[in-house]
Amino acid sequence: MSTYKTSDFRKGLKVQIDGEPYLMVEMNFVKPGKGNALYKCRLKNLIRGTTLDRVYKGGDTLDSADVEEVDAQFLYKQVDTFVFMNQETYDQYELSAEQVDDGWKWIKEGTVCKMLLYNGNPITMEPPPHVNLKVEYCEPGARGDTATNVTKQIKLETGGEVLAPLFINIGDILRIDTRTGEYVERVRS
Amino acid sequence: MTDSAADQPQRDAGNRFGPSAPWDRLRERAQLLARLRAFFEARGFLEVDTPLLSADTVVDLHLDPLKVVLFEDPCTPEQGSRYWLQTSPEFCMKRLLAAGSPPAIYQVCKAFRGAERGPLHNPEFTIVEWYRIGDDYESGMELLAELARNLLGVPQVERRSYRQAFLDHVGLDPHQATVEELAAFAAQDQTVQLAGATVIDRDQWLNYLLAQYVESHLGRDVPEILYDFPASQAALARVRSLTDDAVRVAERFELYYRGIELANGYHELLDPSVLEERNRSNNQIRENSGKPALPECSRMLDAMRSGLPPCVGVALGFDRLAMVACGASSIHEVLAFPIDRA
């Protein structure tokens, strides 16, 4: 673990406060009048997603947080947990449903996700921005109806649901934007 | 000898060659500078031009001058006389005043301050500084207000004492409150906290409260001059006692507009022995906080010993003036090449 001096402070720094990892999302240097320098920081808790506003003075330090991002493949779901494997080291990680959050809707066996490790332990995971998933169930498609502004509820092979155009059928492969949870296009029918 | 990677300056990620300011802003900046020169011209000020490199430097707690080695032998560029890049043209201009210059002088030049970078700071910046012999505290502030009205196109400039601004926005008298009271006010805040292990003194608490709770209210609608700073923050200003309660205040004033500090003025200290004492004490505090001491003797002290005529001096950050004049939110929008592109 190393320490950062205020002169090292910048956006994107990963630091440790009260034993938890934070990302410096904003850093503003202020120095009123003939006064001492102040460093106004907005810090995002990498575990809980909450933010913290703190002001530091020249001479203060923050410990660095041992945070790294790795590629991890989704293996399978156990009762309450999701099991992933580090693509490089083959280490396995178990994430709780809370840690996976909405991500379960977009991952199936083999999906490679971005995982954030803190002191070697997983804290969050992010599915790839786009995934292709098979339609498990939907009402039958209306042939020839290619309008995209009318939608219906679709159940995907992962169990997640999206709204998609009426012409979609069971077995179609759909491209989904995981950041918005929206249908992008039909990849294969 | 090759520079290690760590010695290389940090460059803008894209390493682009162009300016960070759009052309219309650079044009506005040039027009503002022309109007500023016309303002001083019309009032009989003589523009002076003094060196950026100086053997002397100001001994301030929180100003850290950049060092330059003037080598004689190009084969040993690290050996030579130590010079400083000026943090403001104050020393040279006061030497001119003491040496019988015309009564009103101004200068537009570069100044340098180490370890300052951000939306309102660049280690190299453009400073406008002026002095007028015969001005007192009142007329010095009036000249600054006139300049603000003229260059910012505002109908009026308001004034508020440092004490009143604290009473209005912190609810404490900055001259009388104890460190405990100042700290307790900051501790009430649920959203922002002053963090870190470094212990701070009374002036640093005032500085924090000013930055956090007062500054954003200053000059909200029209520019505002904040005056009568605590005596402990006098720098190179005179100190007087308030008639009501004998509190000691510095005859120092600052111009704010939309929460941004634009200028700092002093009813100039004339007594060299007081400055010697402040230099000594500043160096002691600098060393206690791990900073190098700075040379206390200077030719400005010599000038003061020979007699600096009574005057008011003001320094204005031109980049910030240009920034607020064109509604920008960072000086990078009015600088061609800020330090990460320099």
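In strand β16 of chain A, A:Glu185 is the bridge partner of A:Arg175. This pair belongs to a predicted model, in which local features need a pLDDT of at least 70 and side-chain atom pairs count only at pLDDT 80 or more, while totals for chains, interfaces and linings use all residues. Residues are numbered from 1 along each chain as its sequence is written, chains are lettered from A and ligands numbered from 1 in the order in which they are written, and side-chain values use heavy atoms, with hydrogens and water left out.

Strand β15 of chain A (residues 173-177) is joined to β16(A) by five bridges, and the two run antiparallel. Helices (H or I, at least four residues) and strands (E, at least two) are DSSP runs numbered from the N terminus, and two strands pair if DSSP finds at least two bridges between them. Both strands are part of an open, antiparallel sheet of five strands in chain A, ordered β14-β13-β12-β15-β16. The edges of this sheet are β14 (161-165) and β16 (182-188); each has a single partner strand, so one side of each is left without a neighbour in the sheet. Neighbouring strands are turned against each other by 50° on average, direction ignored. Here axes are lines fitted to C-alpha atoms, for helices over the stretch in contact, and angles run from 0 to 180 degrees between N-to-C directions.

Another open sheet of chain A has five strands in the order β9-β8-β7-β10-β11, again with antiparallel pairing. Its edges are β9 (92-96) and β11 (121-126), each with a single partner strand, so that one side of each lacks a neighbour in the sheet. Five bridges connect β8 (residues 81-86) of chain A to β9(A) in antiparallel fashion, and A:Met85 stands opposite A:Gln92 in β9(A).

Chain A is divided into domain 1 (3-64), domain 2 (67-126) and domain 3 (130-187), with bounds that come from an automatic or database domain assignment. A distance of 44 Å separates the C-alpha centres of domain 1 and domain 3 of chain A.

Turning to confidence, chain B has an average pLDDT of 94, and 96% of the residues score at least 70; pLDDT is the predictor's confidence in each residue, from 0 to 100. For the complex, the predictor gives an ipTM of 0.88 and a pTM of 0.85.

In helix α4 of chain B (residues 162-169), the buried residues are B:Tyr162, B:Arg163, B:Ala165 and B:Phe166. They cover an arc of only 165° around the axis, which puts them on the same side of α4(B). The arc is that of the directions from the helix axis to the C-beta atoms, and buried means under 20% relative accessible area, exposed over 50% and partly exposed in between (1.4 Å probe, protein chains only). The elements of chain B against which the buried residues of α4(B) pack are β7 (158-161), α6 (202-214) and β9 (224-230), where contact means heavy atoms within 4.5 Å. Just after α4(B), B:Gly171 has a positive phi of about 80°.

Helix α5 of chain B (residues 179-188) has B:Leu182, B:Phe185 and B:Ala186 as its buried residues. Seen down the helix axis, these residues fall within an arc of 95°, so they line one face of α5(B). B:Glu180, B:Ala187 and B:Gln188 are exposed on the other side of α5(B). The cover over the buried residues of α5(B) includes α4, β8 (192-194) and α6 of chain B.

Three further residues of chain B were examined. B:Glu158 lies in strand β7 of chain B and is partly exposed, with a relative accessible area of 39%. Leaving aside neighbours within four places in sequence, B:Glu158 is in contact with B:Val222, B:Pro223, B:Glu224 and B:Ile225.

B:Gly118 is placed in the loop between β5 (104-112) and β6 (124-133) of chain B and is buried, at 15% relative accessible area. Not counting residues up to four places away in sequence, B:Gly118 touches A:Phe29 and B:His332. B:Ser88, in the loop between β4 (80-85) and α2 (90-98) of chain B, counts as buried at 15% relative accessibility. With the exclusion of residues up to four places away in sequence, B:Ser88 touches B:Ala111, B:Arg113, B:Ile127 and B:Glu129.
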